[in-house]
Structures are given as structure tokens and as C-alpha cells.
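Work through the following exercises with the sequence and the coordinates side by side. Each task is followed by a solution that goes step by step.

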Amino acid sequence: MADPAGEKPAPTSGKAPETSTTTTAPAPAAAATAESSKAAASSSSPAATPAAPAPAATAATSSTAAAAAASPAATSPPEAAAAATPTPATQAPAHILPASHWAQLPEPEVRDDDDSAYGEDNASSTASLTASILEYRTVHGRTYHSERGNAQSWGPNDSLHDESMDIFHHLSMITMDGKIFLAPLGDDIQKVLDVGCGTGIWAIDFADQFPGAEVVGVDVSPQQPQWIPPNLKFEVDDITQPWTYEPNSFDYIHVRWLVGAIPDWFHLFREVYKATKPGGYTETMESSCIMQSDDGSVKDGSALDQWSKVFEEAGKKSGRTFTIIEQNLQRRAMEAAGFEVITEETHKTPLGGWAADEKLKLVGQYNGLAVGQDIEGFLTYLWTMVMGWTKEEIQVYAAHLRREMRSPDIHAYYPTRIVVGRKPLTAS
């Protein structure tokens, strides 16, 4: 589904919340009530220091703390508005620079190395590989999933973008110390669902790790490989619609990088809750679109600053928010559905290899590679179809963004949050 992509208001620069792990004891879950509290998460690991003297990102730590803060929420979870049909913007908001701005700046010097199987099922929830599914849409030479239900994934499904997404999978494993999940799963797990499986790389890794489990990956686009583990199958479907999976049928449901693709996160997690077995787990990983810096090196009006603002505005116009972290939507939607949140981790994800901490430096290097090799792929759909940019304007902007990403004096990062929830054993 949506990519990191997904799918993240917060300042574009300045001090961000410290990277932390928050673990809460299981308690009866209930719909979120109207309240606002400060997170009480702490970090004990040494801070990473950038190559140039400046405050740097802090490595993820494990600490026991109070429950993370939630944005004010109504007793009944708010329903997200239906996604509007994308229409090009006629005039940029005051905080967004016009697309023509980037062509007026000196052209950056660009180096040559800068760009460096489906389950058969008769059930209605499983889509067959028909010609209509493979009729991809093309926008400025990039392909996207076919029209299907209410789905709107802004990431391309071509090989170039798939490579970026597989790199993101690798950096997420580095972030999680080699793991592909944080939920406390037993070896006897039987049935697993990967929501928005994308290239299928997570589902393949999981199926290899748990050969006795039945693993299902679902996505709106059939871009997964056909040579896969025998206990894995892929399905094509729109997960923004009501689900038809058997209630209480999955031991574990994995949700990752749907930022900018979901019109109603509360509806999504109600469906996840219904499909999860009592005592089963769900896990969600999402990243913010807001580029930040602790030392002010992400300047107002810079290309990195505009990345944040244009994506945030595009999410408002399309009805599919990019400020998932800032609105605390993962935790709020999970708790409103009935899950008990047992673990929450927030990690700083550097963009580029500026951090002195070896783990963060490696994450930043892979992150810079994943974004840098296909900046145009991340921008083309939303920035042209929703925000009204031209292909040429995106190419000029991308050159400025690459220059900033390579600068050792710019210490950009964005938050990534992982939340694990359990469905109570007493749930009906």
C-alpha cells in the first residue's frame, strides 16, 4: 500500500520528542476519552553526535514509562471525512513556496552517482488476477495501481520504487535491532495477515521465520514476486473498504507504512480488531512526513522544509493525512477499537549519514539511499495530481533536495513510531 511511506502539525525544525520506548501494563481497553497528557518516556542511551558540532539524534532506548500522550479524542472515535477527488491546487498556501520558486535558484551540481505468487480463493475478500487489476494507471511515466474501490496509494508500483521500499524494510530491521516485529509472538502462531504488504518482503521474511504459520499479504497492487514460501499467499484488495475476513481468525495482524493512504484510521483498526483472535496482537509502524532538526539546520523555506509542508497540505486536500505521528492516530485508533496497547516506541530516523552513533548513521545512510534514488517517485502522484506541480518543476525541486540531503551541515530526521496492541482474551 502506501509507502513511506506513510503514512505522518509539528514544527519543521527544533527539538523533537526524545526517542523512547513506552511499555504499559495490559489494562481493559476502552474507547478513547477526551484528555490530553504529556508522554513520560525517557532515554538512557548516549546521544549520537553529528559530524559537525550540533545536537544530534538519540538512539532508541528501552525504558518503562507511563502511557504515551494521546491527542484529544472524543468518546466516540471521530470519523475521517471521505477522501476528496484530487484536484490540482490553484494557489499555494502562504507557508508553501510556489513550484516556480525552485527554478529561480541556482541549479545544484548533481553527481552521476546521486541516483544511484497469489493465493487462489473463491471467497469474496480475495481478488483474482484479472486484466482490470493489471491495468495500471500511468502518471508522467510512473505506474500506479489500477482503480479499485476507494484505494489511493500515492507510491508507484514500478521496479525503481519497489527497490526503495525494500531498502526501507532493511533500515526498519536495523532500527529494530534485526527484528521484523516487536509483538511477543509464540512459536505456535497459526495465522498472520500483512496489511498493505507492498513488495511482499516483510511477509516473505515472516513466512520463512514461521514455516508452520499461514501468512496472507494483502495490497491494492499485485507487485509481489511469485516465487514465495509455500505457507504464504498474496491477495489483491482495498483495505479501506469493509473487510470480509472471518472474525477472530488471525493471531497477528501487521500494518506498516500506510501514511497518506487511509481516509479513516479508526475504521481501519475496527476492521483489524474484528479480524484478530481474542488474545491476538496487532502491530503498526508509521513514519512522519515532517522533516525536523534539533539544531535548526532544517531551515524554513529549504527544500527539506517544503517536503514536510507540501506533503502535509496534499494530505489535507486528498483527505488522507500525513500527520499520523503528530495526531497520535495509531494509539488512539487502536485503543478506540478495543486493543490494549502494550508497547510503543518512537525512533528518530536520520536522513543521511550525519549521526556519530553507528546505528543511526547506518539507518541514515540507507534512508538517504532509499529516498535519494527515487525522489521523483515519492512526489509525482500527489505533487502533480493534487498540488498542481509539473513534472519539470518536480525535477528541479528534486535536485535542490538531493543537494540538501548530501550536506553534512544539515541534520534532518523524522520520527518513526511502532505501536503494539493486544485484543483482550475476554473480547467477544
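**Exercise 1.** Does D177 count as buried or exposed, and at what relative accessibility?

Solution. The model is a predicted one, in which local features need pLDDT of at least 70 and side-chain atom pairs count only at pLDDT 80 or more, while totals for chains, interfaces and linings use all residues. Residues are numbered from 1 along each chain as its sequence is written, and side-chain values use heavy atoms, with hydrogens and water left out. The classes are buried (under 20% relative accessible area), exposed (over 50%) and partly exposed (in between), computed with a 1.4 Å probe on protein chains only. D177 has 60% relative accessibility and therefore counts as exposed.

**Exercise 2.** Which residue does D177 meet in a salt bridge, and which parts of the chain does the pair link?

Solution. A salt bridge requires a side-chain nitrogen of Lys or Arg within 4 Å of a carboxyl oxygen of Asp or Glu. The side chain of D177 meets that of K359 with an N to O distance of 2.9 Å. The pair links distant parts of the chain, 182 residues apart, since K359 lies in helix α6 (residues 358–372) and D177 in the loop between α1 (159–175) and β4 (191–195); helices (H or I, at least four residues) and strands (E, at least two) are DSSP runs numbered from the N terminus. K359 is partly exposed, at a relative accessible area of 25%. By the salt-bridge rule the count comes to 12.

**Exercise 3.** How are D305 and K309 placed in helix α4?

Solution. D305 and K309 are 4 residues apart in α4 (residues 303–318), which means that about one helical turn separates them. Their side chains form a salt bridge at 3.3 Å, N to O. D305 is buried at 0% relative accessible area, and K309 is buried at 13%.

**Exercise 4.** What angle do the axes of α7 and α8 make where they cross?

Solution. Axes are lines fitted to C-alpha atoms, for helices over the stretch in contact, and angles run from 0 to 180 degrees between N-to-C directions. The axes of α7 (residues 375–386) and α8 (residues 391–406) come within 11 Å and cross at roughly 135°. That makes α7 oblique to α8, because angles under 35 degrees count as roughly parallel, over 145 as roughly antiparallel, 65 to 115 as roughly perpendicular and the rest as oblique.
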